[in-house]
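Here is a note for a colleague who is opening this model for the first time. Please read the points below with the structure in view.

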Amino acid sequence: MNLIKSITELRNRRALVQKGGGDAAIEKQLAMGKLTARERILAVVDKGSFTEYDLFVEHQARDFNMDKKVLHGDGVIIGTGTIQGEPVCVFAQDFTVAGGSLGLMHARKIAKIMDHALKMRVPLIGINDSGGARIQEGVNSLAGYGEIFYRNTMASGVIPQISVILGPCAGGAVYSPALTDFVFVVDKISKMFITGPSVIETVLGEKIEMEELGGARVHAEITGNAHFFAHSEQQCFEQIKRLLSFLPRANDAKPLKTKPKEPKFAKKIEEIIPSDPKQPYDVRDIIRAVVDESDFFEVQELWASNIVIGFGRINGESVGFVANQPLVLAGVLDCDSSDKAARFIRFCDAFNIPIVTFEDMPGYLPGVDQEHAGVIRHGAKILYAYSEATVPKITVILRKAYGGGYIAMNSRHLGADFNFAWPSAEIAVMGPEGAANIIFKKEIDEAQNPEEMRKQKVAEYKEKFANPYVAASKGYIDSVIEPSETRHLLIHALAGSANKVDHRPAKKHGIPPF
Amino acid sequence: MKAVAKAAATGDLKTFRVDCQTYQTKLTTKFENRCVWEAPNWREVCAYIPGSVLEVFVKEGQSLTAGTALLRFEAMKMECVITMPYDGVVKKVHVKAGDRFPKNQTLVEIDE
């Protein structure tokens, strides 16, 4: 009898606290086109799998009349659940409770679930929707952020960390997502910035709308802070589930294998590349032609799209793809694309995901803006990432592999395990035009018809050097292959490297050109 | 090929030069919006940080030596002073007390 009474009381308490900021605040949240924190968690985890912790936690602030305020759950929901049957840890900030502002206990709850995720070696998903630091709690809220950042860093490379921005995420709060592996944004809902429009206007007199300053599209297209862009929260949750399907639960595991399936790509792979080397094509078609079910999950699709990165499966095994994209900026490497590829390579390496590289690139992007933006140190990141990676590394040279680009795109010299080249490959120190102009300068200058001579010399150089056979003759390329053999050889290479062991010298950590 | 045909049809393929070779390709908005580099004009004293002017110490036509204070301004809750970079004559003062200025705005022009 007594127990039943207690159970009823628990139920009543739960019902009250689970309402977060109450009906009016929930209505406001929904009116903004957003789901509530609880609805979000329930939408992302498997049905019936969510278990909440710290529901009854209360804030301990006493200043500024805070002692009279009740903030249910202190504005954040934490707990565990499963996605596709695999365990995950989740937290979601509740904007209906004091604007999701971060105080000491709020931060402690987040830190608790982070510690749990790290200890249990399962992925962490953080849903951000917060007005920022709770000013009334002063330095305590700063301490809270710091403790979260520290845990993000400790968990980095151990468990996959996913940040979902479903509301404002401003000031110091942005740095937790920035430290995590993948950031998801939703059009019109996500807002991320360090200083908001009002401060910018006061200090600089520059007028800018929140959406243009730090909206979803800005971070997906311009800053590169976001990895996945969705049009709705529901689409965003589907993307999260899809991403997790390619990842292991932690760095001590391998991604789960699925049943191998043949690609569904209709066209023949050798028909994708135009015969004129100056004409572009969509390199994602090459990826689709080799992955299971032609199912390619692209990461950072809208940013630095001159390089393509993403996940797919080959014979059921999860693989990370890096590919130059001739369709955009001719597929050059530049500051952003180097940055994008390097981080992705390091992610794959940390989580035991083999890397397949498709190469077709004319070199590094020339220009004062690139040089001054630090293309040297940014470009170095990709060299570092490939060299450092110990997962199986396979390269297929499709067409152009010129100069620094040839070295950078997982060449044999950086430790690649398998280097294949299509017969269309042009592996050379630079493009035929440039090379002929330098090597045959004297002949061209002294010729009766310099233009004619130049053309002749370019053709000569092309014939002799712009092919895969010079590199193959030195053993830099393992095999020149027919395009139609690509998938078969990738399967073969991956199967043959399942037990790869490759040690690096003992060190505290390397010093990549951040 | 489909993408090419589509891109060509919508006319967004551009000729793009890398080293000595040209390619047909799409450009990104970020690339198209990039700033074209201009050689700095050493006659102009520019703002290295956005801020607001507190006090201007000099007048046009004044002959000054290197190191003389030109103006005092506030930026990021700090007060700073900008000084003459070399000996010269103040040709034009572009700001007055109370003005807000963005980064890189010309504050003072100097004639040698």
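**Notes on the predicted model**

1. In chain B, strand β4 (residues 51-56) and β9(B) run antiparallel and are joined by two bridges. Strands here are DSSP runs of E with at least two residues, helices are runs of H or I with at least four residues, and both are numbered from the N terminus. Within this pairing, S52(B) stands opposite R100(B) of β9(B).

2. This is a predicted model, in which local features need pLDDT of at least 70 and side-chain atom pairs count only at pLDDT 80 or more, while totals for chains, interfaces and linings use all residues. Residues are numbered from 1 along each chain as its sequence is written, and chains are lettered from A and ligands numbered from 1 in the order in which they are written.

3. β4(B) and β9(B) belong to an open sheet of four strands in chain B, with the order β7-β6-β4-β9 and antiparallel pairing. Two strands pair if DSSP finds at least two bridges between them. β7 (78-83) and β9 (100-101) of chain B are at the edges with a single partner strand each, so one side of each has no neighbour in the sheet.

4. Chain A has an open sheet of seven strands, ordered β1-β2-β3-β4-β5-β7-β9, and its pairing is mixed. β1 (51-53) and β9 (228-230) of chain A are the edge strands, each pairing on one side only. From one strand to the next the twist averages 20°; angles run from 0 to 180 degrees between N-to-C directions, and axes are lines fitted to C-alpha atoms, for helices over the stretch in contact.

5. Strands β2 (residues 76-83) and β3 (residues 86-93) of chain A run antiparallel and are joined by eight bridges. V76(A) has Q93(A) in β3(A) as its bridge partner. Helix α9 (residues 216-223) of chain A packs on the sheet, where α9 touches β7 (182-186) and β9 of chain A and makes about 135° with the direction of β7(A). α3(A) lies across β2, β3 and β4 (124-128) of chain A, at about 165° to β3(A).

6. What is the angle at which the axes of α3 (residues 37-44) and α10 (residues 233-246) of chain A cross? They cross at roughly 40° and come within 9 Å. α3(A) and α10(A) are therefore oblique to each other; angles under 35 degrees count as roughly parallel, over 145 as roughly antiparallel, 65 to 115 as roughly perpendicular and the rest as oblique. R40(A), A43(A) and V44(A) of α3(A) make the contact with E233(A), Q234(A), F237(A) and I240(A) of α10(A). Residues are in contact if their C-beta atoms, placed from the backbone, lie within 7 Å.

7. Helices α12 (residues 335-350) and α14 (residues 375-388) of chain A have axes that come within 8 Å and cross at roughly 20°. α12(A) and α14(A) are therefore roughly parallel to each other. Residues that meet here include I345(A) and R346(A) in α12(A), and I382(A) and Y386(A) in α14(A).

8. Between the chains, 30 residues of chain A are in contact with 24 residues of chain B. On the chain A side, α7 (197-204), α13 (368-372) and α16 (432-439) are the elements that give two or more residues. α16(A) gives the largest share, three residues.

Notes. Two residues are in contact if their C-beta atoms, placed from the backbone, lie within 7 Å.
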